[in-house]
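Work through the exercises below with the sequence and the coordinates open. Each task is followed by a solution in steps.

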Amino acid sequence: MALRFYNTLSQQVEDFTPASQNTVRMYTCGPTVYDFAHIGNFRTFTFVDLLRKCLRANGFQLNHVMNITDVDDKIIRNAVASHQPLAEYTKTYTDAFLDDCAALRLERPERLASATEHIPEMVAAIQRLGDGQHTYASDGSVYFKIASFPQYGKLSHNDFSGNLAGARVDVDEYEKADARDFALWKTPKDDEPFWDTAIGPGRPGWHIECSVMAIKYLGETLDIHAGGVDLIFPHHENEIAQSESLTGKPFSRFWLHAEFLMVEGQKMSKSLGNYYTLRDLMGKGHAPESIRYLLASVPYRKSLNFTIEGLKSAAIAIKRLRDFKLRLETERFAEGLNEKMAVRTVHASQAFTDSLNDDLNTAEALAAVFKFVRDANSAMDSGEFRAGNTPAALEFLALFDCIFDVLKPSVKAGGLSDSDIEERAARRTAAKKARDFALADRIRDELLEQGIVLEDTKSGVRWKRK
Ligand SMILES: [Zn+2]
């Protein structure tokens with residue numbers, strides 16, 4: 001099955017290939033670094049990671065840019081309140097975000113672009129928009145005149161005709177689906193930090209940074225622009241208005257949006273006590289790969305109900321897969337090839353790939369994996385599984401892990417590396433051979449203390465992390 005995605009712009013599922021050569025030019029909206037990112041943010045970033053991996057699995061190369069919004073109303077407010085320079089304040093949360101991404105095994109985009117490093121380009125773009133009669137100034141700020149872009153509303157499929165003139169809005173985020181002229185450049189209030197530029201002192205609005213950095217690094221028409229559904233309006237609508245007014249070309253061919261995340265069936269909020277950062281969950285002892293698995297397991301266009309029960313199930317699912325892999329690697333099967341099993345492996349692998357290519361249907365892809373694991377385990381139990389079936393089964397697991405990336409346990413700080421464990425397991429085997437059972441037991445117990453379980457099997461010793 002060819003790779004296809006639901007395109008918010010056309011409201012259709014469309015076959016996807018990059019516009020030119022084999023490289024996907026993709027832009028995704030990154031974090032606003034005023035606090036630790038929460039688990040709802042990471043749902044979107046995990047979706048983007050799956051998207052990257054599926055694009056690559058289809059043989060495409062990636063040129064992916066993500067912005068870091070390091071100046072906005074909240075950042076300025078918090079930095080001023082904590083008497084810190086902007087750059088110092090945002091560095092803390094940028095670093096924390098990147099650490100969290102690494103813990104969740106989210107690949108780094110080819111380029112991270114900070115808003116504050118692109119001020120001159122934004123000023124130039126605002127000037128060009130002014131030359132094209134798309135802006136007006138008021139009280140030192142510059143606004144985008146949405147009446148100058150009649151297609152406004154084409155992404156969110158809102159009909160704004162007859163409602164395009166008049167009111168304007170100063171804040172970066174506004175809730176209602178009504179059309180407002182939005183700030184491209186904001187004049188500083190009181191003692192706020194600002195940049196002194198040709199269009200006056202101030203700072204850029206949120207929307208212009210994405211348009212400018214996307215076009216600068218990826219060209220006038222992107223292959224894919226992605227983010228959370230909450231960005232469709234107004235952020236992405238505004239990005240389209242600015243970018244297409246600047247270039248006269250479609251801004252992005254595909255627009256992909258990940259649905260909301262609920263926690264225990266409710267909207268996440270600090271007051272309900274169901275607001276989690278990644279750190280909160282890891283602090284409660286949940287492995288980052290369980291969190292990744294849960295976030296990845298629901299197709300991105302369905303809303304995801306994140307529960308602690310779901311996290312526990314994710315950990316069990318991962319354990320089942322790791323146990324299966326260990327069994328494949330360590331058990332001695334009878335020689336030969338079971339043809340039926342070989343065919344099943346091919347079918348499972350095909351079903352996995354087809355499901356992902358069908359607009360990243362991760363739930364069906366996982367169903368194909370677990371059906372295979374069940375079949376293969378029972379074939380092993382009944383002695384039908386043969387040594388010749390092992391390489392293809394391991395290959396299928398590798399294909400799975402190329403996308404889901406959960407099989408390798410996270411090594412805790414100070415934990416033992418694989419080679420440390422192997423070395424100790426070998427010493428224990430030697431001790432047993434020498435009939436030094438006390439030493440053998442001590443090595444086993446020490447490993448157990450570090451969360452490593454040794455198992456004696458017919459085919460020798462194997463180990464796993466608890
Ligand atoms: Zn953006």
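The exercises concern a predicted model and go from the whole chain to single residues.

**Exercise 1. Overall description**

State how many helices and strands the chain has, and what percentage of its residues count as buried.

Solution. Start with the secondary structure: the chain has 14 helices and 18 strands. Then take the accessibility: 51% of the 466 residues count as buried. For the extent, a box along the principal axes that holds the C-alpha atoms is roughly 85 × 50 × 40 Å. Last, consider contacts between residues at least 6 apart in sequence: 75% of these join residues at least 24 apart.

**Exercise 2. Two phenylalanine pairs**

Classify the aromatic pair Phe45 and Phe97 as stacked, tilted or edge-to-face, and do likewise for Phe352 and Phe396.

Step 1. The ring centres of Phe45 and Phe97 are 5.1 Å apart, and the planes make an angle of 70°. Centres must lie within 6.5 Å for a pair, and an angle over 60 degrees counts as edge-to-face, so Phe45 and Phe97 form an edge-to-face pair.

Step 2. Locate the two residues. Phe45 belongs to helix α1 (residues 39–57) and Phe97 to helix α3 (residues 86–103), so the pair ties together parts 52 residues apart in sequence. Phe45 and Phe97 are both buried.

Step 3. For Phe352 and Phe396 the centres are 5.9 Å apart and the planes stand at 80°, so this pair is edge-to-face. Phe352 is in helix α10 (residues 339–357) and Phe396 in helix α12 (residues 390–404), which puts them 44 residues apart. Both Phe352 and Phe396 are buried.

**Exercise 3. Charges over rings**

Which ring does the charged end of Lys74 sit over, and which ring has Arg301 over its face?

Solution. Lys74 has its charged end over the ring of Tyr34, 4.9 Å from the centre. Arg301 lies over the face of Tyr6, at 3.7 Å from the ring centre.

**Exercise 4. A helix crossing**

Describe how helices α4 and α5 are arranged, and which residues meet.

Solution. Two packed helices are described by the angle and the distance between their axes.

Step 1. The axes of α4 (residues 119–131) and α5 (residues 206–218) come within 10 Å and cross at roughly 100°. Angles from 65 to 115 degrees count as roughly perpendicular, and α4 and α5 are therefore roughly perpendicular to each other.

Step 2. On the α4 side the contact has Glu121, Met122, Ala125, Ile126 and Leu129; on the α5 side it has Ile208, Glu209, Val212 and Lys216.

Step 3. Sorting the residues of this contact gives six nonpolar, three charged and no polar.

**Exercise 5. Backbone exceptions**

Most residues other than glycine have a negative phi, and most peptide bonds are trans. Describe the peptide bond from Phe233 to Pro234, then the phi values of Gln133 and Glu264.

Solution. Step 1. The bond from Phe233 to Pro234 is cis, with omega near 0°. Pro234 is in helix α6 (residues 232–247).

Step 1. Gln133 has a positive phi of about 65°. Gln133 lies in the loop between α4 and β6 (135–138) and is exposed, with a relative accessible area of 54%.

Step 2. Glu264 has a positive phi of about 50°. Glu264 is placed in the loop between β14 (261–263) and β15 (266–267), and with a relative accessible area of 42% Glu264 is partly exposed.

Technical notes:
Residues are numbered from 1 along each chain as its sequence is written. This is a predicted model: local features need pLDDT of at least 70, side-chain atom pairs count only at pLDDT 80 or more; totals for chains, interfaces and linings use all residues. Side-chain values use heavy atoms; hydrogens and water are left out. Rings of Phe, Tyr and Trp (its six-membered ring) pair if their centres lie within 6.5 Å; planes under 30 degrees apart count as stacked, over 60 as edge-to-face and the rest as tilted. Helices (H or I, at least four residues) and strands (E, at least two) are DSSP runs, numbered from the N terminus. Buried means under 20% relative accessible area, exposed over 50%, partly exposed in between (1.4 Å probe, protein chains only). A charge sits over a ring if NZ of Lys or CZ of Arg is within 6 Å of the ring centre and within 35 degrees of the ring normal. Axes are lines fitted to C-alpha atoms, for helices over the stretch in contact, and angles run from 0 to 180 degrees between N-to-C directions. Angles under 35 degrees count as roughly parallel, over 145 as roughly antiparallel, 65 to 115 as roughly perpendicular and the rest as oblique. Contact means heavy atoms within 4.5 Å. Ala, Val, Leu, Ile, Met, Phe, Trp, Tyr, Cys and Pro count as nonpolar, Asp, Glu, Lys and Arg as charged, and the others, Gly among them, as polar.
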